[in-house]
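Here is a short briefing to read alongside the structure. Keep the viewer open and follow the points topic by topic.

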Amino acid sequence: MFEAFGRKKARALGFAGLPIVSIPHPITGIPLDTVHTHADEILESVAESLTQTPPEDEG
Amino acid sequence: MKLASVRHEVAESPLELLEYVMEQGWGDGLPVIPPTEERVAAMVEASGRPPEESRGRIPHLFGDATIEKIAVNAAMAGCKPEYMPVLVTAVDAIFDPVYNLPGVQGTTNCIAQLIVVHGPARYALGINCKENLFGQGWRANATIGRAFRFILQNIGGAKPGDTDRSTFGHQGKFSSCIGENEEASPWPPLHVERGLERSDSAVTVIAIDPHIMVNDAASTDGEGVLQSIASSMMQAGSNNALFGGEMVVVLGPEHVDMLVRDGWDPPRIRAFLYERGRVPTFLFAPANLERARGRRDDLMAREDLASVPVVDGEEEICLFVAGGLGKHSLVIPTFGNTHSVTRRIDFSFTG
């Protein structure tokens, strides 16, 4: 839902290579255990994104 | 005058121009006026400012709102050059952090940016503040509002279906610009309430949800009219009920006449609407009530929770007079996480 938007915004701010981890839409109006499942699914990717060296920004 | 914008060669046919503009993602679906160098230069000149002067970077994509870029969008929307000071002031106003422009630009909510013009500029520019002011038929209203949307879309990068994620959109996203009908009441107009002089011209920008019309042709006193308005403010699903923020009440002149006759004034009207405009808690879906409780914790702590006021205080009711004859008023909820901003229009640069 907001992934393409996020990429464009990152590029506009000079961080074209910003790692983005996304979960399926919607995040609102869903049971709490589904939220936890989504969080578990992306945990590793978030950790990688926070620790890896991002590719050089294209500007 | 030296203009920096890229020149595009486009066929003279209006339909081909429209196709080109839509392909580029610059349009709103309706025909546009070619923003030729001559037209843009006239707009810049009427602003009284240099074309390269930046008024700020507009989220989401932080395009630079230079006078020239504002002028290009104004020309494309069909503005007269003399409308430029209104547009520049409106652009300045949305940078106030209380307006929450980043939230407003990309939300799934149905938000339009309403420009309300106050003071002598309404007459100088031909801005309608009476019958059908939100509707069609007045060039200044139509094109200033349209240009403002182009600015948010083309400079700010809020492209519908892409970076503008509104679920339904809003009719007012084509255009939303009105004048305050200051002459229809003895009360100070909104810009004077907010500290400006009556002789000043000013712009108020408001991030609005769709309008709710209040039809009360039956009440014979002011309190009855206000009760109808208060009950129209009471929506458990509105952004205001969930998040607080500001709510707009536009009083129609015939309702104003009754209120004035019965001794009401804006402070008493706001106090009445704040007290009566409360949503009984049983009307909320339980989860949505909890959501409101989480976002309006200060308020909920001091309420018995039998009912939820749709604003956090009477000062959060943005009240002004507009429109023509008829026993109608308007309630306009807002984005909630936003406040309107009023700015004086500085015509001193325009000579």
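Asp297(B) belongs to helix 14 of chain B, which covers residues 297-301. Helices here are DSSP runs of H or I with at least four residues, strands are runs of E with at least two, and both are numbered from the N terminus. The model is a predicted one, so local features need pLDDT of at least 70 and side-chain atom pairs count only at pLDDT 80 or more, while totals for chains, interfaces and linings use all residues. Residues are numbered from 1 along each chain as its sequence is written, and chains are lettered from A and ligands numbered from 1 in the order in which they are written.

**Around Asp297(B)**
- Asp297(B) counts as exposed because it has 9 C-beta neighbours inside 10 Å.
- The cut-offs, with C-beta atoms placed from the backbone, are these: 20 or more other C-beta atoms within 10 Å of a residue's own make it buried, 12 or fewer make it exposed, and anything in between is partly exposed.
- Phe243(B) sits 54 residues from Asp297(B) in sequence, and their C-alpha atoms are 10.0 Å apart in space.

**Strand 3 and its partners**
- In strand 3 of chain B (residues 112-118), 7 of the 7 residues are buried.
- One side of strand 3 of chain B carries Ala112(B), Leu114(B), Val116(B) and His118(B), the other Gln113(B), Ile115(B) and Val117(B), and both faces are covered.
- Strand 5 of chain B (residues 202-208) runs antiparallel to strand 3 of chain B, joined to it by 7 bridges; pairing requires that DSSP finds at least two bridges between two strands.
- Within that pairing, Gln113(B) has Ala207(B) of strand 5 as its bridge partner.
- Strand 4 of chain B (residues 177-179) pairs with strand 3 of chain B in the parallel sense, over 3 bridges.
- There, Gly179(B) of strand 4 stands opposite Val117(B).

**Chain B as a whole**
- Chain B has 14 helices and 12 strands.
- The C-alpha trace of chain B spans about 65 × 45 × 35 Å along its principal axes.
- Of the 351 residues in chain B, 49% are buried.
- Among contacts in chain B with a separation of 6 or more, 83% link residues 24 or more positions apart; a contact means that two C-beta atoms, placed from the backbone, lie within 7 Å.

**Where chain B meets chain A**
- The contact involves 8 residues from chain B and 8 residues from chain A.
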